[in-house]
Amino acid sequence: MQIHRAKPKFLLLTGLSILLTGCSISDWYNGYYVERAAIIKGQKDRAAYHNAESPEMKELRKKNDAYCTELASRPENRIAKIGYENGVFNEPMYSGCMERRGTPTFGTYEARQAEKRREERRARGEIVL
């Protein structure tokens, strides 16, 4: 009789210990949930940035994107990287081209906004260099 009672308790105890030691709530929150939430927020911000443009600006962005993509992906403009015999896409050249042609990428826009916020904080005396 004693064996039959111990078996379910042992299985329950083993199951709970595996469950509780496998992944804590803070690991899940800080790892999975926060990363997923940040990705979703970034996608929403990017979509809002592009959706706020006028139809003329969207058309100009399409033309600039085609031109700058072709420019940055030319073999002579590719960045040499170990493991890639043909080089990789030149992202800095692409971003600079888009900005010079009047349609900055979302990353460039974000960087400008962050710099403006830092300058405002410096002007208010919140940041001391």
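Predicted model: local features only at pLDDT ≥ 70, side-chain atom pairs only at ≥ 80, totals over all residues.

Visitor: Fine. How many helices and strands does the protein have?

Guide: Five helices and two strands. Along the sequence the pattern reads α-α-α-β-β-α-α.

Visitor: What share of the residues counts as buried?

Guide: 16% of the 129 residues. The protein exposes about 10600 Å², and carbon and sulfur atoms supply 60% of that area.

Visitor: And contacts across the sequence? What part comes from residues 24 or more positions apart?

Guide: 43%, taken over the contacts with a separation of 6 or more.

Visitor: Now the cysteines. How many disulfides does a search of the whole structure find?

Guide: One. Cys68 is joined to Cys97, with 2.0 Å from S to S.

Visitor: Which parts does that pair tie together?

Guide: Cys68 sits in helix H3 (residues 55–72) and Cys97 in helix H4 (residues 91–100), so the link ties parts that are 29 residues apart in sequence.

Visitor: Which hand does the link have?

Guide: Left-handed, with -70° about the S-S bond.

Visitor: Are Cys68 and Cys97 buried or exposed?

Guide: Cys68 and Cys97 are both buried. They also belong to the largest nonpolar core.

Visitor: Which other residues are in that core?

Guide: Leu71, Ala72, Tyr94 and Met98, which makes six residues with the cysteines. H3 and H4 are the elements that give two or more residues to this core.

Visitor: Stay with Tyr94. What does Tyr94 touch, leaving out residues up to four places away in sequence?

Guide: Asp65, Cys68, Thr69, Ala72, Phe89 and Thr105.

Visitor: Two threonines there. Where is Thr105?

Guide: Thr105 is in the loop between H4 and helix H5 (106–124).

Visitor: Why does Thr105 count as buried?

Guide: Its relative accessibility is 15%, and the cut-off for buried is under 20%. With sequence neighbors up to four places away left out, Thr105 touches Tyr49, Arg61, Tyr94, Ser95 and Met98.

Visitor: Switching to Asn77. Which loop is Asn77 found in?

Guide: The loop between H3 and strand S1 (79–81).

Visitor: Why does an Asn in a loop count as buried?

Guide: Asn77 has 16% relative accessibility, and buried means under 20%. Its contacts, not counting residues up to four places away in sequence, are Leu71, Ala72, Asn90 and Met93. Leu71 and Ala72 are also core residues.

Visitor: Last topic, the surface. Which residues form a nonpolar patch there?

Guide: Tyr32, Tyr33 and Val34, with about 280 Å² of accessible area together.

Visitor: Which helix holds Val34?

Guide: H2, residues 25–51. Val34 is partly exposed, with 35% relative accessible area.

How values were computed:
Residues numbered from 1 in each chain as written. Heavy atoms only, no water. Patch = residues over 30% accessible without salt bridge, like charges linked within 9 Å, V, L, I, M, F, W, Y side chains within 5 Å. Areas by Shrake-Rupley, 256 points an atom, 1.4 Å probe, with all protein chains shown as cover. Salt bridge = Lys/Arg side-chain N within 4 Å of Asp/Glu carboxyl O. Helix = DSSP H or I, 4+ residues; strand = E, 2+ residues; numbered from the N terminus. Buried < 20%, exposed > 50% of the residue type's maximum accessible area, 1.4 Å probe, protein only. Disulfide = S-S within 2.5 Å. Core = buried A, V, L, I, M, F, W, Y, C linked by side-chain atoms within 4.5 Å. Contact = heavy atoms within 4.5 Å.
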